[in-house]
Amino acid sequence: MTSEGHVNAARSKVFGEVAELYDAARPGYADAMVTEVLAYAALGGRAAVEVGAGTGKATVPFAALGIPLVCVEPDARMAGVLRRNTADCPNVQVEVGDFERWQPGGRHYGLLFAASAWNFLDRDRRWDLVHAALAPGGAVALVRNPHGIHDAGLRAELARIGDRHGITGSPHRFLARDLSGDEPGNWDPAWPDTECRQDGRFTDLRSVRFRQDLRYDTDRYLGHLASLSAYRILPDDDREQAITEAGRLLDAHGGGIDILQVTDLFLARAL
């Protein structure tokens with residue numbers, strides 16, 4: 001694995017420290033996204049595999065529709081919450097381990113999806129692993145949940161708090177207007193479109209964006225921040241100070257924050 005892959009793998013396993021908080025504070029995924037994925041994948045009874053399933057934020061809406069799912073989650077603590085959240089779904093199988101070491105066991109899936117987990121996979125191997133897991137014509141669906149802040153002044157102040165405490169990959173990069181377009185642009189180097197096109201083993205590439213205005217009160221937003229890898233990797237004192245400062249700021253701005261919550265979806269089909 002590359003050095004970048006090592007860093008990302010380490011960051012993928014910090015969430016288990018706060019698995020319950022992650023489950024309570026993180027936003028879910030739009031129902032319209034699930035509908036879009038299933039219409040595109042046309043599974044026809046074939047099973048799906050989810051990479052980096054976490055506590056089941058994306059798993060549950062798919063499982064509720066009876067889709068046979070194999071969920072690969074690297075952290076046993078997150079997997080424990082995932083099992084609890086899918087306890088009533090006999091169609092869900094949870095496997096603990098890194099996707100880079102996971103073996104599909106000769107089974108080829110009709111859908112592979114990853115929700116807020118793609119950036120943690122080994123960049124040098126991820127498209128090979130995805131293609132190997134999919135049946136010909138099988139779909140890959142990659143999802144992320146960025147958000148933009150409506151108040152420009154509040155966004156700038158939150159970003160400055162992050163800068164003071166050495167937070168990388170800050171969630172306070174965007175204003176709501178930055179995310180107002182219908183689909184993610186190629187200006188974003190984290191979006192998988194360019195990588196997938198360069199790989200050459202996939203076709204019918206699509207990008208779709210869903211949007212929803214939300215308000216978080218101070219406590220919920222601080223819980224969301226505390227569940228992010230950018231905050232989890234900080235020394236405890238720095239993380240607590242950054243969150244305390246953000247809390248004071250939000251309280252001074254009416255006790256919460258108004259955001260544009262976005263669900264970005266990338267779709268492609270294996271040749």
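User: How many disulfides does the structure hold?

Analyst: A disulfide is a covalent bond between the sulfur atoms of two cysteines. Here a disulfide is a pair of cysteine sulfur atoms within 2.5 Å, and the structure holds zero disulfides. Cys71 is in no disulfide; the nearest cysteine sulfur, belonging to Cys89, is 9.6 Å away. This is a predicted model, in which local features need pLDDT of at least 70, side-chain atom pairs count only at pLDDT 80 or more, and totals for chains, interfaces and linings use all residues. Residues are numbered from 1 along each chain as its sequence is written, and side-chain values use heavy atoms, leaving out hydrogens and water.

User: Is Cys71 buried or exposed?

Analyst: Buried means under 20% relative accessible area, exposed over 50%, and partly exposed in between (1.4 Å probe, protein chains only). Cys71 has 0% relative accessibility and so counts as buried. Cys196 is likewise buried, at 0%.

User: How is the packing of helix 7 and helix 11 described?

Analyst: Two packed helices are described by the angle between their axes and the distance between the axes. Helices are DSSP runs (H or I, at least four residues), numbered from the N terminus. Axes are lines fitted to C-alpha atoms over the stretch in contact, and angles run from 0 to 180 degrees between N-to-C directions. Helix 7 (residues 152-164) and helix 11 (residues 236-252) pack at about 165 degrees, with axes 10 Å apart. They are therefore roughly antiparallel, a term for angles over 145 degrees.

How values were computed:
Helices (H or I, at least four residues) and strands (E, at least two) are DSSP runs, numbered from the N terminus. Angles under 35 degrees count as roughly parallel, over 145 as roughly antiparallel, 65 to 115 as roughly perpendicular and the rest as oblique.
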